[in-house]
Amino acid sequence: MNWKAIVSCTFMAASFVSFGQEGENLVPNGSFESQEKKPKRLGSIANATGWTSPTGKRADYFTPSKVEDIGSPNNVFGSEDAKDGNNYVGVVAYSYGDKVDRSYVQTKLDAPMKKGLKYCVKFNVSLAEASKYGVNNVAARFSNKDYSTAAKVPLIEDDQEMLLMHFNNSMKIQTARYNWSEICGVYTAKGNEKFITIGNFFSNEDTKYERMKKSKEIKVNQVIAAYYY
């Protein structure tokens, strides 16, 4: 049986490594180190070479910066060291009553996925200290076409076979702060998938959440959302 793996280092940092054959990296700029230009504000995911947000709500791009909101490791949502290099991104995966718009990150693979080939997919997330909630539905979605809408709307996926969930689909709520938690699983390609998108593709009704306590050590303002690096 043919196998390939997407192995990632930070939230959405990913590469493809094949078992039993020479590996190939299909995810460009997986650690977000390559920049089109330095970001100056939140919502600057497009400054990371090759990466976009598919909706009108742009994901955030964190890098060592004099602008405190977007710094790495310290920023407006908390503090986290990059797992690989200096940079990482952040998305809103859930908000109670949709009071904060969800965001996603997306990139085009360097080569299409092959039909029937099983891909072992891994990436890492960290719940930001500012988050009032933790959720269970952080996922990778593979598609033949890129998502693209100017509307600030959640992307709901009815076909769960297109999704790669965390911990081999155990649906565990991600509540770990101050370090990276690995998300992994096996995805069987339908054929010709060219894009990977990461975020929450489930409705609020189908998303399990846990309310997070704000300890005295957390100095940033809490947001009514599940925000993940």
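Which residue in E16 does Tyr94 stand opposite? It is Ala226, and I'd like to start our tour from that pair.

First, a word on what we are looking at. This is a predicted model, where local features need pLDDT of at least 70, side-chain atom pairs count only at pLDDT 80 or more, and totals for chains, interfaces and linings use all residues. Residues are numbered from 1 along each chain as its sequence is written, and side-chain values use heavy atoms, with hydrogens and water left out.

Strands (E, at least two residues) and helices (H or I, at least four) are DSSP runs numbered from the N terminus, and two strands pair if DSSP finds at least two bridges between them.

Back to Tyr94, then. Strand E7 covers residues 88–94 and is joined to E16 by three bridges, with the two running antiparallel. Together with E4 they make an open sheet of three strands, in the order E4-E7-E16, with antiparallel pairing. The edges are strand E4 (60–62) and strand E16 (226–228), each of which pairs on one side only. On average, neighbouring strands in this sheet are turned by 30° against each other, direction ignored; the axes here are lines fitted to C-alpha atoms, for helices over the stretch in contact, and angles run from 0 to 180 degrees between N-to-C directions. As a reminder, strands of a sheet pair through backbone hydrogen bonds, either parallel or antiparallel.

Leu127 is found in the loop between E9 and strand E10 (133–135). Is Leu127 buried or exposed? Leu127 counts as buried because its relative accessibility is 0%, where buried means under 20% relative accessible area, exposed over 50%, and partly exposed in between, with a 1.4 Å probe and protein chains only.

Now on to two serines. Ser103 sits in the loop between E7 and strand E8 (105–108). Its relative accessible area is 2%, so Ser103 is buried. The Ser103 side chain reaches the backbone nitrogen of Val92 at 2.8 Å. Ser215 is in the loop between strand E15 (209–211) and E16, and with a relative accessible area of 32% this serine is partly exposed. The side chain of Ser215 makes a polar contact with the side chain of Glu217 at 3.1 Å. By polar contact I mean a pair of N or O atoms within 3.5 Å; within protein, one must be able to donate a hydrogen and the other to accept it, and residues adjacent in sequence count only if both atoms are side-chain atoms. Ser215 and Glu129 are 86 residues apart in sequence, and 9.2 Å apart in space from C-alpha to C-alpha.

Strand E8 deserves a moment too. On one pairing, strand E3 (residues 51–52) meets E8 in the antiparallel sense over two bridges, with Trp51 opposite Thr107. On another, four bridges join E8 to strand E14 (residues 195–200), again antiparallel, and Lys108 has Phe195 as its bridge partner.

Next, the backbone geometry. Most residues other than glycine have a negative phi, and most peptide bonds are trans. Please look at Phe32, whose phi is near 65°, a positive value in a residue other than glycine. Phe32 lies in the loop between strand E2 (15–18) and E3, and counts as buried at 0% relative accessibility. Asn192 also has a positive phi, of about 70°, in the loop between strand E13 (181–188) and E14; at 35% relative accessibility, Asn192 counts as partly exposed. Then there is a cis peptide bond joining Ser72 and Pro73, with omega about 15°. Pro73 is found in the loop between E4 and strand E5 (74–75).

That's the tour, and I'm happy to go back to any of these residues on the screen.
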